[in-house]
Amino acid sequence: MGSVNRVSNARRGRCTRSGVELTSPLPRRYLDHPATSWPKPAPVIEAVLHAIRDVGAAAGRGTSSDARRADAIRTAARGAAARLVGDVDPERVALPAGATLALNMAIHGIVTPGWHVIATAADHNATLRPLHWLERQGTISLTVVPCDGDGRVDPADVADAWRPDTRLFVFSHASNVTGTLQDAETLVAMARKRDAITILDAAQTAGIVPIPAGSNAADVVVAPAHKWLQGPEGIAILAVRAGIEPRPLIQGGTGSGSDALAMPERFVDRMEAGTPDLGALAGLAAAIGWGERHGQASLASHGHSLAAGCKAGLGQLPGVRVLGTRERGGPPIVAFTVEGYDPAVVAVLLEQVSGVQARAGFHCAALIHGHLGTAKGGTVRVGFGPFNTPGDAEAVVAAIAAITGGLSGNSDRVFGAVSSSFPSPPLIHWQVPPWQA
Ligand SMILES: Cc1ncc(COP(=O)(O)O)c(C=O)c1O
């Protein structure tokens, strides 16, 4: 199956000395899963549709039969989210409208003036920007711990950054640029021993990598529905340990205690002002259920076999640098650069040559590139989701071979190689997974 896709795709685009010509429409090869997942599993789409077409009432606001059905959808979503982050109390799991919002709610809601906060260079701007803002306002002092050339943070560097007034440690479980997984257990334990609060940004792990739970759990865990969980955009999980009570960033109607001006005490009410997005709630519950049915380990192993094949194939190409090659256990992300090419140009050519939709640039991560050696232009990034196939991984490699060879004047030779023998099939060991059957 993979080789059929490979050959037909390679023949659809053609490299000439003046550039790449699109000779016929290409199938969409969506590989931007670290940004958002697509396609969504059928049960997720059906759940969203059902909620907005058949239920269409405001959760937590009313006693009509449909308002109660809406309540049930929200309760199911909260319960599923609580299971996902380690069987925590659903009463401590809020479902705000996105991970960026949830991270801002956690950071701004918890920080107290005068605190010293530690973050890492491998983090996303969703945490680095609010922290930078607070530092610029003079509210906190901030230390950003470096990472290595793969995006890995050494726990010893975090320990070195610790000060007597350090009260909060914020970090991404895995880098959205390289997929590198941090040693969350060690980092959380370090913070706990020193009596600091930990905020874990699990945006790139929820749904594909187990989130540290039980005694290893971070105090605050944030995860969006729409990435590796395969859920809809516009909803995220914000799980906060009992005893930590963030100040509400957003205040307003909660459908409870409406005769009082003060926000309710109940955690989920305090964190969820405003009418919730019923379709997103239903989609989140369905996505978590879908992941549980197929098993996180199977979903991860599917993505990793494709990513490994893609990395191996790219690694054979002269001028291509694959980042994070030592990486194990994170999300199936492949980040690379092509010598002499702006990553943005490579991403455009990838789509033109083979229909591959990738992302290029800095990926909303301001600080990591200085450590990866990609400060000029960033990287090209692809990620492999549950509905990708070996044909998609091969298309990336074939297109990069074609682009580099083609633009350096070797197009016929490279395209000949692509259609006959490239890349070597044993690179990807794969069986059609049950969710694709
Ligand atoms: C590591 C990380 N944190 C936070 C976010 C923010 O997620 P969202 O854009 O869904 O709010 C992202 C999104 O790319 C991410 O990769």
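User: Which residues of H11 are called buried, and what makes them so?

Analyst: In this predicted model, the buried ones in H11 are Pro343, Val346, Ala347, Leu349, Leu350, Val353 and Ser354.

User: How do you know what span to expect for H11?

Analyst: Take 1.5 Å times one less than the number of residues. H11 covers residues 343-354, 12 residues, and the expected value is 16 Å. From first C-alpha to last, the helix reaches 16 Å, close to that expectation.

User: Why is S12 called largely enclosed?

Analyst: Because 6 of the 6 residues in that strand, 333-338, are buried. Both faces take part: Ile333, Ala335 and Thr337 point one way, Val334, Phe336 and Val338 the other, and all are buried.

User: What makes S11 and S12 a pair?

Analyst: Pairing needs at least two bridges, and S11 (residues 320-323) has 4 with S12, in the antiparallel sense, so they count as a pair. One of the contacts puts arginine 321 with threonine 337 of S12.

User: And how do you know S12 pairs with S15?

Analyst: By that bridge cut-off again: S12 and S15 (residues 379-383) share 4 bridges, antiparallel. Here phenylalanine 336 stands opposite valine 380 in S15.

User: What makes up the shell around the ligand?

Analyst: By class, there are 6 nonpolar, 6 polar and 1 charged residues. In total 13 residues surround the ligand, with Ala99, Thr100, His124, Asn176 and Ala203 the closest.

Terms used
Residues are numbered from 1 along each chain as its sequence is written. This is a predicted model: local features need pLDDT of at least 70, side-chain atom pairs count only at pLDDT 80 or more; totals for chains, interfaces and linings use all residues. A residue is near a molecule or strand if its C-beta atom, placed from the backbone, lies within 6 Å of it. Ala, Val, Leu, Ile, Met, Phe, Trp, Tyr, Cys and Pro count as nonpolar, Asp, Glu, Lys and Arg as charged, and the others, Gly among them, as polar. Helices (H or I, at least four residues) and strands (E, at least two) are DSSP runs, numbered from the N terminus. A residue is buried if 20 or more other C-beta atoms lie within 10 Å of its own, exposed if 12 or fewer, and partly exposed in between; C-beta atoms are placed from the backbone.
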